[in-house]
Amino acid sequence: YTCPSVGARIRPSSPRMLAAPRGAMHGEGDEDEVEVSGHEETSRMLSEKHSAPAVIGRSTASVAAGAGRPGSPTKAAAAASPSKGVPPRGRCAGGVLQVVALASLANALNQADRSIMPIAVIPMASEFGWSLATKGWVLSAFAIGYIFVQLPSGWASTRVPPFRLLIAAVFAWSLSTYFTPAFAKVGLGSLLASRVFLGAAEAFCLPAIVQVFTSQVPAQRRSSAFAVMIGCGAFGHMFALAVCPRLEQWNAMFSWFGGAGVVWCVLALGTLLQQPAGRGEEAPDDMQARGRVGCDGKPPSDDGDGDAVAEGVTLWRRLVMSPPLLAICAAHFGQNWTNYTLASWLPTYLHEVLGMPVRSLSFIALPFLVNGLAGICVGQLADFATNRHLCSILAVRRVATAVGLLGPAVCLMLLAAARSQEMALAAVTACSLMGSTTSSGYWANHADITRRHAGLTFSISNTFATIPGVVAGPLTAAIVHATGGSWLSVFALAAAINVAGACIYLRFASALYVL
């Protein structure tokens, strides 16, 4: 058979996973891939090259070099005609690891800096005479700044080089963290303002990282990259919870972690200066692994007019009307309700209800250690399963998200029933263990449904997911006060929201490009 665009002969290859034509199964929410083999595959590649993308090299030399060897045209094409701004495979691997490592460390700082206040608020409330309601507003002020900057941060991550945006964000929130004790001594108003600013600065972190991963990390490694990034966030949270209770002065908590952020910025700037110009475009093997390149080597247009149609009002209309994106939002909202509830109130619950001393609160770092390690292992398994075609990407996303939402729902009810510190810590540890799987679920799903707008879709999802950060703090205080000190309703509400999020995601999730 002859490929018309390159004039080279190829012969049928072994079974290969090709993307299903748009809309064939997407409306039903089924698997996003079908298996085609031999003569049927080759005929389809030649007759439907514009409607069903095929994995064929970009030049005569690349196709001829790989003719007759399954999978080799992809490798030959990538070697013979690399994309503009994308280094050869050998150097690209090292660059990807470096980017993933720095982004993961940034997320560790991101989670650590926001985890300081739930520990520091206990001695601060004693020193400044705060009520339970005031503590709730201090804990929620971060989320107010965080939620209102989500959409602008997502838009910025698609317009500004995302790694540079990440450096600026880390520097801004590190300064805010460092000077938090000074603001607290000025007055409650200045402290709340600094917390709002901290939330606004940290709002740029995850959209920038998601955009970096979408553009620079190949699809075959993406579950692992997201798992490492989320796992490092858990390690950062764990480290803050382990170290902060053991510091003699609460203001030292903010000084140490703020200074660490400045050190990260210096390292990241050094890496940025070493990056080749034009870095950040999607690698060819990413599009080929997704089955989204045709005989001309370019990704197919979703609507015939390319990305230009997705600009402005049209883009926002497509975002709002996208069921897969709304499914991600529902799952993210459900998990974050649990995360914000536990992150903000677990130290208070263990200290005031179960009688755990303040210095012993460092033990609550254990669940986050388990979360980080388990998430990395799950990411490796997810990539192994999809790369070996043991199951589809969509199946991995669904299973990982279901386990990460339904499992913690059960653990929250066990936490409410716990009557000892040990049982409570065991329930929270199990909750974190199962919640870690979502890094290979709805988190990585952003890169499945869009290539160019992943940072923006994440910011939309995170906007919904930050609502619990604003509401859960004051609402928890109100529920505990109204029920005479009972926490059962608090944990039951979080469990119900988790179940609802899982059901919505399982119904509408997709792994096809929709934007």
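R114 is buried, and E202 is buried as well; buried here means under 20% relative accessible area, exposed means over 50%, and partly exposed lies in between, with a 1.4 Å probe and protein chains only. The model before us is predicted, so local features need pLDDT of at least 70 and side-chain atom pairs count only at pLDDT 80 or more, while totals for chains, interfaces and linings use all residues. Residues are numbered from 1 along each chain as its sequence is written, and side-chain values use heavy atoms, with hydrogens and water left out.

What joins the side chains of R114 and E202? They meet in a salt bridge, at 3.1 Å from N to O; the term requires a side-chain nitrogen of Lys or Arg within 4 Å of a carboxyl oxygen of Asp or Glu. R114 belongs to helix α4 (residues 89-128) and E202 to helix α9 (residues 188-202), so this pair ties together parts 88 residues apart in sequence. Helices are DSSP runs of H or I with at least four residues, strands are runs of E with at least two, and both are numbered from the N terminus.

A search of the whole structure finds 3 salt bridges. Another one joins E352 and K135, at 3.8 Å from N to O. E352 lies in helix α15 (residues 323-352) and K135 in helix α5 (residues 132-148), so parts 217 residues apart in sequence are tied together. E352 counts as exposed at 53% relative accessibility, whereas K135 is buried at 6%.

Let us turn to R397 and D448, whose side chains meet in a salt bridge at 2.6 Å, N to O. R397 counts as buried at 4% relative accessibility, and D448 counts as buried at 3%.
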